[in-house]
Amino acid sequence: MPQEIVSGAYLVLQKGSLVGKRIELWKECTTIGRSRDSDIFLEDISVHRKQARILFTHDGYVLRDDHGSNDSFVNEQVISEQLLNSGDILQFGNTQMTFFANEGTRPFQLPSSRGRELHIGKTPASSTTTIARLHITGTQSPGTMHSIELLPKMIIGRSRECDIFLEDLTVSRHHATLHEVNHGEYEIVDNHSATGTFVNGKPINHCTLHEGDVLQIGNTTFALRFSAV
C-alpha cells in the first residue's frame, strides 16, 4: 500500500479533454503517463507511457521527468527535475495543468477526483456529442475545481476510492451513484446514505436528472449542465 500523505496539494487540468478536473496529490510518489497503471492517466498519444512523477519531499513537491526526451515542461521551460511552486503550469504533450500547493483554510475540501480513478473517455464517432457536467455552486474559491465532467458511472462519497471524493463528515463513504441510462441521460441513486441525497431540495432514492437540476450531498451542491461539442 502506498503511504498516504495529507498536504492539501492538487492539480487542476487547464488544457485537455477534462478541463477543470481537479486531481488530489495524496501519495509520496504520483506517476504520470499514458500507461493505465499511472496514478494520473493521460490518454494522449503525445505523452509517454511513463512520462514523469511528482515526489513529496522535505522541501515540497518535485516534478521529475522519467523519459529523458525533453518534453516535460514547467512554465514553458524544459525540466528534468523541478521544485514546484503554487501556480506553476505543467505540460505533458497536449495536456496542461496547474499546481496548487495547499487548500487554504476552509471547513472541508471541495470535490476532488484522482486521475487513476477517472480514465478519459473515447472520442465518439459522430461529429456532435453531448457532454454532461456537474457545476459546483456556492463553495468555490480561487484555484478550486469548478465543474466535473460526467462519465457513464460515477460514485460520490467520503471514501478516497470514490470517483467524486467529498471530505465532509455529513457524507457517507459511498453516498450516491450517478449512471448514464441513455446517451446523454443520467440518473442518481442514493446508496442508503445516512443523511440523504437531494434533487431540487427534495430527498430521493433514485431520480432521472434534467438540465439545471440542483443536487445536494452533504454540504456540497451541484448544478447539472449539458453542452454539445
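Glu211 and Arg225 form a salt bridge, with 3.4 Å between the closest N and O atoms; a salt bridge here is a side-chain nitrogen of Lys or Arg within 4 Å of a carboxyl oxygen of Asp or Glu. Glu211 sits in the loop between β20 (206-208) and β21 and Arg225 in strand β22, so the pair ties together parts 14 residues apart in sequence. This is a predicted model, in which local features need pLDDT of at least 70 and side-chain atom pairs count only at pLDDT 80 or more, while totals for chains, interfaces and linings use all residues. Residues are numbered from 1 along each chain as its sequence is written, and side-chain values use heavy atoms, with hydrogens and water left out.

**Salt bridges**

- The structure holds 7 salt bridges.
- Glu211 is partly exposed at a relative accessible area of 44%, and Arg225 is partly exposed at 39% (buried means under 20% relative accessible area, exposed over 50%, partly exposed in between, with a 1.4 Å probe and protein chains only).
- Arg133 and Glu149 pair through their side chains at 3.7 Å, N to O.
- Arg133 belongs to strand β12 and Glu149 to strand β13 (residues 147-149), 16 residues apart; both Arg133 and Glu149 are buried.
- Strands are DSSP runs (E, at least two residues) and helices likewise (H or I, at least four), numbered from the N terminus.
- Lys27 and Asp39 meet in a salt bridge of 2.7 Å, N to O.
- Lys27 lies in the loop between β2 (22-24) and β3 (29-33), and Asp39 in the loop between β3 and β4, 12 residues apart.
- Lys27 counts as buried at 13% relative accessibility, and Asp39 is buried at 11%.

**Nonpolar cores**

- The largest nonpolar core has 23 residues, of which Leu134, Leu150, Leu178, Ile188, Leu209 and Leu215 touch the most other members.
- A nonpolar core is a set of buried Ala, Val, Leu, Ile, Met, Phe, Trp, Tyr and Cys residues joined through side-chain atoms within 4.5 Å.
- β12 (130-137) is among the strands that each supply at least two residues of this core, and gives the most, with 3 residues.
- Leaving aside neighbours within four places in sequence, Leu209 is in contact (heavy atoms within 4.5 Å) with Leu178, Tyr186, Glu187, Ile188, Val199, Leu215 and Leu224.
- A second, separate core of 20 residues includes Leu11, Leu13, Ile23 and Leu63.

**His48**

- His48 is in the loop between β4 (40-41) and β5 (52-57) and counts as buried at 19% relative accessibility.
- Not counting residues up to four places away in sequence, His48 touches Gly33, Arg34, His67, Ser69 and Asp71.
- The side chains of His48 and His67 make a polar contact of 3.3 Å.
- A polar contact is a pair of N or O atoms within 3.5 Å; within protein, one must be able to donate a hydrogen and the other to accept it, and residues adjacent in sequence count only if both atoms are side-chain atoms.
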